[in-house]
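Student: I have a model open and want to learn to read it. Where do we start?

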Amino acid sequence: MSYDTELLLRLYRQMAKIRIFEEKAQELFLAGELPGFVHLYVGEEAIAVGICENLCQNDFITSTHRGHGHCIAKGADAYRMMAELYGKRDGYCKGKGGSMHIADFSIGMLGANGVVGGGYNLAVGAALAGKILQQDHIAVCFFGDGASNRGTFHEAMNMAAAWNLPVLFVCENNQYASTTPYRMTTAVQDIAVRAQGYGMPARIVDGNDVLEVYDTARDLVEWIRAGNGPMLLECKTYRVKGHYVGDPELYRPKAEVDHQFASNDPLKRFAQAVISREWLTERQLTNIMAETAELIDQAVSMARKADYPAACELFTDLYAEREVQDHA
Ligand SMILES: Cc1ncc(C[n+]2csc(CCOP(=O)(O)OP(=O)(O)O)c2C)c(N)n1
């Protein structure tokens, strides 16, 4: 199988953007420049990118507390994201939300979510709205292996299947939920088997292989768009960073993490695959890395200089203003 060169370049550019944004966020947080909490998506880039490359701007996604990668993959602006991390007025939520609350409705990004398992019902709601309004969008719900043990998972899966809604549930099984290994909390080997309980088809992919994720997601998205109802895709991956930046990671051996990062980094694997097949050159990839690093550096220096929201705006934007129509 061969791929369009533009697609391959885009896949790498998007993964590089997530990786460099994240490494910068880690550095800035450890230097004390960013308030709040930061959860990194490093090592899981292939999932968000492989899926979102198959979506249109008007498709919706819901995200998690580890949401920077989903935002970038769906097309969010790196400067506005960085400004949000800094708590600045130019940020996506005018600096009032921080890392875990980045949303951009104009690109269908319904929000990162500090509530584990909080995205399922938003995705099902977005899909239901599309069906009622006869719009052709689909909704993609990203969630973790830990989140799959919440009740909301089962309610959402059941409703989406019973009402034949256009939802792709994407489990990012990175094998840890905070400090707890997957095998200690979950009775089944694969989250994918749970789909069967709701009459829903499911697939499992190597979540660190962006081409495998991309190819599989293309088929599933097409199937869902054709009106066949929801699907579950389980992406097997590994959380190489701590649960949050600053996590002492006492619950797992460092050698396990080092081994995973050395042998299973999605960017390195992609680079090896495309260079050895002569689809792209090393120089093309190096150039993308350099351009992306410059873009993120610019975002940081602009965010540093940006203003904080004014103190008098503390209580604005708490509720969305809109008129209520009387249907009586
Ligand atoms: C409802 C709820 N319960 C607990 C938490 C605390 N918490 C934050 S992240 C997390 C683990 C989530 O694990 P997983 O869904 O596997 O995602 P990962 O962090 O591995 O990406 C927990 C328990 C929370 N934020 N919300």
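Student: Which residues make the nonpolar surface patch?

Tutor: First, the ground rules. This is a predicted model: local features need pLDDT of at least 70, side-chain atom pairs count only at pLDDT 80 or more, and totals for chains, interfaces and linings use all residues. Residues are numbered from 1 along each chain as its sequence is written, and side-chain values use heavy atoms, with hydrogens and water left out.

Tutor: Now the general idea. Patches are made of residues with over 30% relative accessible area and no salt bridge; like charges are joined within 9 Å, and nonpolar side chains (Val, Leu, Ile, Met, Phe, Trp, Tyr) within 5 Å. Areas come from the Shrake-Rupley method with a 1.4 Å probe, and for residues only the protein chains shown count as cover. Here, Leu 314, Phe 315, Leu 318 and Tyr 319 make a nonpolar patch of about 570 Å².

Student: Is Tyr 319 buried or exposed?

Tutor: Buried means under 20% relative accessible area, exposed over 50%, and partly exposed in between (1.4 Å probe, protein chains only). Tyr 319 has 72% relative accessibility, so Tyr 319 counts as exposed. Tyr 319 sits in the segment after helix H11 (282–305).

Student: Which residues of helix H9 are buried?

Tutor: Helices are DSSP runs (H or I, at least four residues), numbered from the N terminus. H9 covers residues 254–264, and Val 257, Gln 260 and Asn 264 are its buried residues. Look down the axis of H9: these buried residues fall within an arc of 80°, so they line one face of the helix. That arc is taken from the directions from the helix axis to the C-beta atoms.

Student: What is on the other side of H9?

Tutor: There, Lys 254, Ala 255, His 259 and Ala 262 are exposed.

Student: Which helix do the buried residues of H9 pack against?

Tutor: Contact means heavy atoms within 4.5 Å. The partner is helix H10 (266–276).

Student: What does Ile 275 touch?

Tutor: Ile 275 lies in H10. Leave out residues up to four places away in sequence, and Ile 275 touches Leu 280, Thr 281, Glu 282 and Leu 285. At 31% relative accessibility, Ile 275 counts as partly exposed.

Student: How do I read a residue such as Thr 216?

Tutor: Thr 216 is in helix H8 (residues 210–228). Its relative accessible area is 6%, so Thr 216 is buried. Its side chain reaches the backbone oxygen of Glu 212 at 2.8 Å. Not counting residues up to four places away in sequence, Thr 216 touches Arg 203, Val 205 and Leu 233.

Student: How many salt bridges does the whole structure have?

Tutor: A salt bridge is a side-chain nitrogen of Lys or Arg within 4 Å of a carboxyl oxygen of Asp or Glu. A search of the whole structure finds 18. One of them joins Arg 19 and Glu 45, with the closest N and O atoms 2.6 Å apart. Arg 19 lies in helix H1 (residues 5–30) and Glu 45 in helix H2 (residues 45–52), so the pair ties together parts that are 26 residues apart in sequence. Both Arg 19 and Glu 45 are buried.

Student: Which residue forms a salt bridge with Lys 94?

Tutor: Asp 317 does, and the closest N and O atoms are 3.3 Å apart. Lys 94 lies in the loop between helix H4 (78–86) and helix H5 (120–132), and Asp 317 in the segment after H11, so the pair ties together parts that are 223 residues apart in sequence. Lys 94 is partly exposed, at 35% relative accessible area.

Conventions
Helices (H or I, at least four residues) and strands (E, at least two) are DSSP runs, numbered from the N terminus. A polar contact is a pair of N or O atoms within 3.5 Å; within protein, one must be able to donate a hydrogen and the other to accept it, and residues adjacent in sequence count only if both atoms are side-chain atoms.
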